[in-house]
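Trainee: I have a new structure to read. Please walk me through it.
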Amino acid sequence: MSWVNVCDETSLPQGTGVAAWVAGKAVAIFNLGKNGLFAIDNVDPASGVSLLARGLICEIAGQLCVASPLYKQHYCLKTGVCLEDSQLIASPFAIKTEQGRVFVLAKG
Amino acid sequence: MAVTKPKLMVVGNGMVGHHFIEQLCSQGLNKHFDVHVFGEEPRPAYDRVQLSKYFETNSADALMLTSAQDYADWGITLHLNTQIIAIDTKTKTLTSAQGEVYEYQRLVLSTGSFPFVPPIKGNDRAQCLVYRTIEDLEAIQASAKNSKIGVVVGGGLLGLEAANAMQQLGVKTHVVEFAPQLMPVQLNDKAGQLLCSKIEQLGVSVHTSKATTAIIDGETALHRMTFSDESYLETDMIVFSAGIRPQDALARGANIAIGERGGIVINDYCLTSALDVYAIGECALWEQMIFGLVAPGYQMARVAASHIASSVFSTTAASFKGADMSTKLKLLGVDVAAIGASRGFDNAQFVELSDNQAGIYKKLWLDESGKFLKGAVLIGDNNDYSRLLDTYLSQDEIQGSAVALLLTGAESETDLKDSSIVCSCHQVTKGDIVNAVKTGNHKMADIKSCTRAASGCGGCAPLVQKIIDHTLQAEGLDFNSGICAHFDHNRQGLYHICQVEDIHDFETLISQHGKPSADGHLYGCDICKPAAASIFASLKNHYVLDQDKGHVQLQDTNDAYLGNLQKDGSYSVVPRVAGGEITPKKLIAMGEIAQEYDLYTKITGGQRIDMFGAKLSQLPEIWRKLIDAGFETGHAYGKSLRTVKSCVGSTWCRYGVQDSVGLAIDLENRYKGLRSPHKIKFAVSGCTRECAEAQSKDIGVIASDKGWNLYVAGNGGMRPRHGDLFATDLSTAELYKYIDRILMFYIKTADKLQRTSTWMESLEGGLPYLQSIVIDDALAINAELEKQMDHIVGTYQCEWQTSLERPAFLARFNEFVNPDAAPATEFNTYKRIREQRFPALNQQEANKTGAGTIAIKDVTDEKQNVSEEVVV
């Protein structure tokens with residue numbers, strides 16, 4: 001396991017997501033400003049399509065999540081668990097910034 | 001031994017007869033009597049007041065007041081299709097046309113009335129009809145199919161209703177009235193004249209002072225009606241609506257006392273001259289008067305039920321003391337109201353307001369002292385009705401000058417006293433409604449079922465809604481009309497806030513008017529954010545993906561990337577092809593682009609071309625090429641104007657009467673880019689053959705030989721709805737003016753993701769209300785609506801053009817922020833079918849059940865196996 005530098009902080013517009021390659025896996029990264037950065041699997045477990053980074057950021061009953069653009073399931077940004085169906089998980093990734101550079105912890 | 005219950009027979013199952021049954025049951029009298037109800041018609045009671053609604057849905061369902069099941073549940077025997085032909089008051093029995101004999105201990109006659117057909121030679125010819133029952137409507141509808149011109153004989157209240165029905169069926173409608181004015185019973189001459197000119201503006205021709213002498217064969221139409229002044233009118237169908245006559249034949253045959261000019265004579269308890277026989281409604285004559293409105297009939301029903309109850313429960317019976325004949329209605333979309341002595345009387349004082357510009361006429365009649373309101377007539381503006389009726393019924397002394405009563409502006413529910421009658425059909429007071437709201441009935445439907453307010457003629461519905469809202473507000477009750485957990489406002493409320501406070505960013509909106517989460521988050525959700533984005537765009541028309549204003553993060557799936565997301569994560573691309581007209585050169589350019597990117601192409605229902613399978617990162621280059629070839633965005637991704645479909649029109653078509661393509665292109669260019677609560681579709685047909693299917697669109701335009709007919713709120717899709725005919729024979733300038741106002745009013749008032757069809761159905765007052773706003777400027781907002789539309793039109797931008805002009809912005813369309821780190825093995829799988837590219841199902845898709853798993857069939861070559869290719 002290693003930290004992968006994916007981009008600079010300036011490449012992450014606030015309030016939206018971007019997708020990044022992390023050791024061969026597509027990861028969705030969300031910049032929530034003062035609430036920090038979040039990273040989860042970019043593949044929507046409900047459809048198998050790699051696009052969660054393109055979803056809308058939501059706050060549902062206090063939980064920060066992303067709504068899948070395809071069929072609108074909500075995935076918790078912290079845990080990756082789907083609010084509508086806890087069987088579906090877009091697994092979370094550890095993420096950090098150092099000197100303006102963004103790192104995601106690769107898996108496996 | 002079982003005790004036999006006394007028998008109570010009710011002859012007639014119209015509105016009044018049914019109301020009587022409801023009164024019986026509400027007092028539990030159905031347990032004390034063996035109740036039988038006889039109706040001649042094939043169905044139980046329905047709403048005759050709003051009969052022309054039948055044509056809106058082409059079904060009687062919307063009109064039904066009850067069902068056979070209701071009667072069964074109440075333990076009442078309902079005999080439909082059963083005419084009673086004789087009463088024997090000595091043996092107390094009834095005989096039906098089928099020969100059955102029924103005993104009664106009590107009998108209620110609610111036989112209603114029948115349409116009066118003047119004794120004119122030829123009145124029994126084909127397509128000469130009346131207007132009272134659903135069967136009559138079916139006959140009118142059948143005749144209208146082969147009629148171009150129709151005549152309604154009678155310019156009274158019912159006649160104008162019938163004219164409305166006839167016009168809705170697309171027949172050129174004439175009204176022929178014997179008196180020198182319309183509605184001679186209720187209106188004075190000036191009011192009659194104004195009503196006449198308003199109705200003529202709506203395309204109905206009015207002929208007053210015409211006595212029909214005969215109906216004979218016509219030369220250009222089926223009939224010719226000849227008049228006493230030697231003039232004539234040719235027509236294909238005639239509907240007689242020259243008044244009603246009490247249906248008293250049954251009582252007459254039983255020697256029950258009848259008035260000189262008809263009507264079953266009743267006393268204050270609605271009892272007739274025969275023992276234990278009551279008469280109620282339009283068949284009854286009380287103090288030489290027949291009451292041809294539903295409200296007095298309901299009062300009689302209550303009196304008769306109370307008299308029967310008094311014998312069972314030893315209570316005091318109520319008595320009938322006459323009834324107020326005041327009425328308020330919309331005739332062909334024109335507001336008309338008459339209160340009390342609406343035509344004046346000797347020695348009366350009066351105040352009169354005549355506003356030719358606004359098309360409003362009001363006159364109040366006062367007693368000799370000028371202190372008490374005795375009558376009123378209102379044309380073109382009914383807003384003062386409830387307050388004036390209240391002043392009239394209470395006979396409170398008028399404070400100050402009577403003219404003030406005319407100038408106080410729109411009525412407000414706060415002007416009414418608790419004892420004021422709001423619903424005159426069911427005698428429901430403001431206090432009744434307020435109490436019902438306070439005991440937990442917060443919705444219109446609840447109020448209708450527990451107080452019955454607004455369930456008669458429906459005219460008071462907007463006022464009832466205001467009282468509900470006001471009471472909820474006063475009680476501080478949360479009626480939770482909020483669009484999501486973050487806002488207590490509905491879309492209309494948010495729109496209003498953003499407009500009035502000039503808010504055009506989400507953070508201000510949610511922090512000042514929303515409900516942040518416990519942790520203080522201001523993110524909102526996928527319901528409120530796209531709704532806010534749509535509202536900002538409707539008001540300001542800023543670039544939807546603006547990062548600085550924070551608009552980009554509010555957009556829903558498709559708007560967010562200015563493309564239509566498909567199931568495999570790719571996008572489809574739809575350039576605008578206004579009116580469906582495209583040059584061969586542009587068609588070739590589009591084809592070349594589609595070929596270059598291997599896009600699956602399909603012609604859409606909106607007469608343009610959809611190109612599927614573009615990767616996110618390909619969108620900017622594809623659009624660069626399309627824009628260079630002269631295209632612009634088609635807004636297929638937005639909740640906005642999609643297309644204006646058109647037929648070929650008069651430029652090529654042998655039958656076209658107007659240039660439908662030209663108009664469609666102009667309309668599309670005017671309204672393109674307009675963000676709205678939901679998508680909007682238009683169509684323009686160049687003649688009445690309606691090849692563009694305009695009546696199934698949000699806005700439909702059909703050419704007539706005099707101009708354009710405008711239809712609104714049609715829909716195809718899951719719940720098809722025919723558009724309502726909004727106005728006829730409009731000039732092109734008028735057409736734009738009306739469409740501007742209608743669309744902006746829709747944008748201002750609709751709910752989130754509410755199409756115009758459901759919006760229209762939920763709009764209190766419906767089509768006539770919308771007409772009063774758009775045509776008569778009843779809310780005085782047309783200038784504002786037009787200004788807003790001009791702003792939108794003036795600030796139009798092709799969003800792809802704007803995007804391509806900002807290179808920094810295009811980063812958004814990179815699939816990955818670090819594309820260089822992509823694994824070498826990334827690929828999407830496609831199938832090639834009928835020489836085009838389709839997404840192959842992935843494992844998740846394949847596991848799902850339903851239509852998604854049905855194999856796509858290659859119809860071009862059955863033998864060829866579906867080839868799979870791997871696109872890297």
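**Reading the model**

Mentor: Of the 872 residues of chain B, 46% count as buried. Buried means 20 or more other C-beta atoms within 10 Å of a residue's own; exposed means 12 or fewer; partly exposed lies in between; the C-beta atoms are placed from the backbone. This is a predicted model: local features need pLDDT of at least 70, side-chain atom pairs count only at pLDDT 80 or more, and totals for chains, interfaces and linings use all residues. Residues are numbered from 1 along each chain as its sequence is written, while chains are lettered from A and ligands numbered from 1 in the order in which they are written.

Trainee: How many helices and strands does chain B have?

Mentor: Helices (H or I, at least four residues) and strands (E, at least two) are DSSP runs, numbered from the N terminus. Chain B has 25 helices and 40 strands.

Trainee: What share of its contacts links residues 24 or more positions apart?

Mentor: Two residues are in contact if their C-beta atoms, placed from the backbone, lie within 7 Å. Take the contacts in chain B with a separation of 6 or more: 62% join residues 24 or more positions apart.

Trainee: How many residues of chain A are in contact with chain B?

Mentor: 28 residues of chain A touch 31 residues of chain B. On the chain A side, strands E1 (3-8), E2 (17-22), E5 (56-60) and E6 (63-67) each supply at least two residues. E5(A) gives the largest share, five residues. By class, that side has 17 nonpolar, eight polar and three charged residues. Ala, Val, Leu, Ile, Met, Phe, Trp, Tyr, Cys and Pro count as nonpolar; Asp, Glu, Lys and Arg as charged; the others, Gly among them, as polar.

Trainee: How do I read a sheet?

Mentor: Start with pairing: two strands pair if DSSP finds at least two bridges between them. In chain B, one open sheet of five strands runs E33-E34-E35-E36-E37, with mixed pairing. E33 (641-646) and E37 (724-730) of chain B are the edges; each has a single partner strand, so one side of each lacks a neighbour in the sheet. The twist averages 15° from one strand to the next. Inside the sheet, E35 (699-703) and E36 (708-712) of chain B run antiparallel, joined by five bridges. Ile702(B) has Asn709(B) in E36(B) as its bridge partner.

Trainee: And two packed helices?

Mentor: They are described by the angle between their axes and the distance between the axes. Axes are lines fitted to C-alpha atoms, for helices over the stretch in contact, and angles run from 0 to 180 degrees between N-to-C directions. H10 (430-438) and H11 (444-451) of chain B cross at roughly 120°, and their axes come within 10 Å. Angles under 35 degrees are roughly parallel, over 145 roughly antiparallel, 65 to 115 roughly perpendicular and the rest oblique, so H10(B) is oblique to H11(B). Asp432(B), Ile433(B) and Ala436(B) of H10(B) meet Ile447(B), Cys450(B) and Thr451(B) of H11(B). These residues divide into four nonpolar, one polar and one charged.

Trainee: Are Gln395(B) and Leu562(B) buried or exposed?

Mentor: Count neighbours. Gln395(B) has 12 C-beta neighbours inside 10 Å, so it counts as exposed. Leu562(B) has 25, so it counts as buried. Gln395(B) has a positive phi of about 50° although it is not a glycine. Leu562(B), also not a glycine, has a positive phi of about 50° too. Gln395(B) sits in the loop between H9 (385-394) and E27 (421-423) of chain B. Leu562(B) lies in the loop between H16 (557-561) and E29 (564-565) of chain B.
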